[in-house]
Amino acid sequence: MGINLSRSSFLIFTLCISLLSACSTSKKSSVTKPTAPELKTVEVAKVEVKDTLVVTLPKVQTINIALLLTLNLEEHFANDTAPDTNPLILQESLASLNFYEGALLASDTLSSKLRKINFKIIDTGADSLSTVTSLNTADMNEVDAVVSFLPANYTSLLSRISNRWAMPMYLFAASNTSILEKNKWIRLVNPSNYTQITQAATYISKHHAVDKIVAVYREQKGENLIAELFADVIDSLLEKKGICDKVNYKSDGFNSLKSKLSKTKTNVLIIPTSDESFLASLLNKLGDIKTDYKFVLMGMPAWENFNSIDPETMKELGAIIFNGMYIDTQCPELTQFRKKFILEYHADPTLAAYMGYDVVNCIVEEKESKMMNREVRFRSLLNSGKEILLSPVCESCGFETKAINLLKYGEYELLLVK
């Protein structure tokens, strides 16, 4: 009984194992075994890593500029006895304020070109003692360049101090280039008086070589020296001594001048005077004979501010004046600057504002030019937006631009001579 039961149990157990094996075999055979995917090398990750290494963020270049201005801040911020009134702005500080505002607009424009300009303002004060004290105690250790908007009588002092500071100092006025020959740090953004005269004389030599050229002067206020410089440059360029004739108007008079005029050629009269009454008198005499002679007058920058001179007479006599700085209302870049200035400060920019804008652009260009080992060129609003050159006057000397504006009289306005 026990044996039969064990055999039965064994048979049952064997049968169950067989059934399970059959089911397992049937299930596996009904499912298709997936094929193992082919392994391939993917290069995408490598390219992404390579691109990430190549791409670099643009670097912002920071330039620190010190501005020597006469803002009279202490007087502006003095206790006001009438606090409800509009803030007081001293008239003598307006030019410096405009200069700073023009410099700020240049900074805003350069920020879009990844140039960050930091300004350090040195308020020099209104009197010479406080100015000298401010200059001697100023710390310029972290400054890249210095700009002076001080009067021309501080030029010699600034020249000595710039040697101590040992960094570029930008000026707007000098009588001649001797200051540049003694100091490699000085930069004249506006040509010296000497350079402006020689450039005007060069224009005469180029455009009036076959005409009658006469320098009319008096022995006062440096007129004789300017006439002599004009004559020397013209004679040298045209390689003929005495081609530029000279008339001492005070001693020789108008009849002597008239005797030297030509009725067949254009008479180029160089009149180096800043005396408005003398010029008016001479113009009246020339006006009486203008139907018999053809004239071109070469005048001085001061003529632009003469009020008693008739512009129509100047136009008829072909008057031309020269200047290192000129606000050209036809210049698109200048018009754009003016609109931006009015929008920002709610006032029309003065000449000082254009000067501030120009000099900041000049500083940035010089810094970048040195890094790239090329000459310094920058676009100047006061030269009708043209690109002008800033170059050393000699080896190991300071820099100067020789760009001047030649202006003729139009319909009651000054126009650029093309």
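Two strands count as paired if DSSP finds at least two bridges between them. Strands (E, at least two residues) and helices (H or I, at least four) are DSSP runs numbered from the N terminus. The model is predicted, with local features needing pLDDT of at least 70 and side-chain atom pairs counting only at pLDDT 80 or more. Residues are numbered from 1 along each chain as its sequence is written.

Strand β6 (residues 212-217) runs parallel to β7, and 5 bridges join the two. Within this pair, Ile213 stands opposite Cys244 of β7. Both strands belong to an open sheet of 7 strands with mixed pairing, in the order β7-β6-β8-β9-β10-β14-β15. Because β7 (244-248) and β15 (414-416) each have a single partner strand, they stand at the edges, and one side of each is left without a neighbour in the sheet. On average, neighbouring strands are turned by 30° against each other, direction ignored.

Helix α8 (residues 193-207) packs on this sheet, touching β6, β8 (266-270), β9 (294-298), β10 (319-323) and β14 (405-409); contact means heavy atoms within 4.5 Å. The direction of α8 makes about 140° with that of β10. Angles run from 0 to 180 degrees between N-to-C directions, and axes are lines fitted to C-alpha atoms, for helices over the stretch in contact. Helix α10 (residues 249-259) also packs on the sheet, where α10 touches β6, β7 and β8.

A helix pair comes next. The axes of α4 (residues 94-111) and α13 (residues 332-345) come within 11 Å and cross at roughly 110°. Therefore α4 is roughly perpendicular to α13, a term for angles of 65 to 115 degrees. Residues meeting in this contact include Leu104 and Leu105 in α4 and Phe337 and Phe341 in α13.

How values were computed. Side-chain values use heavy atoms; hydrogens and water are left out. Angles under 35 degrees count as roughly parallel, over 145 as roughly antiparallel, 65 to 115 as roughly perpendicular and the rest as oblique.
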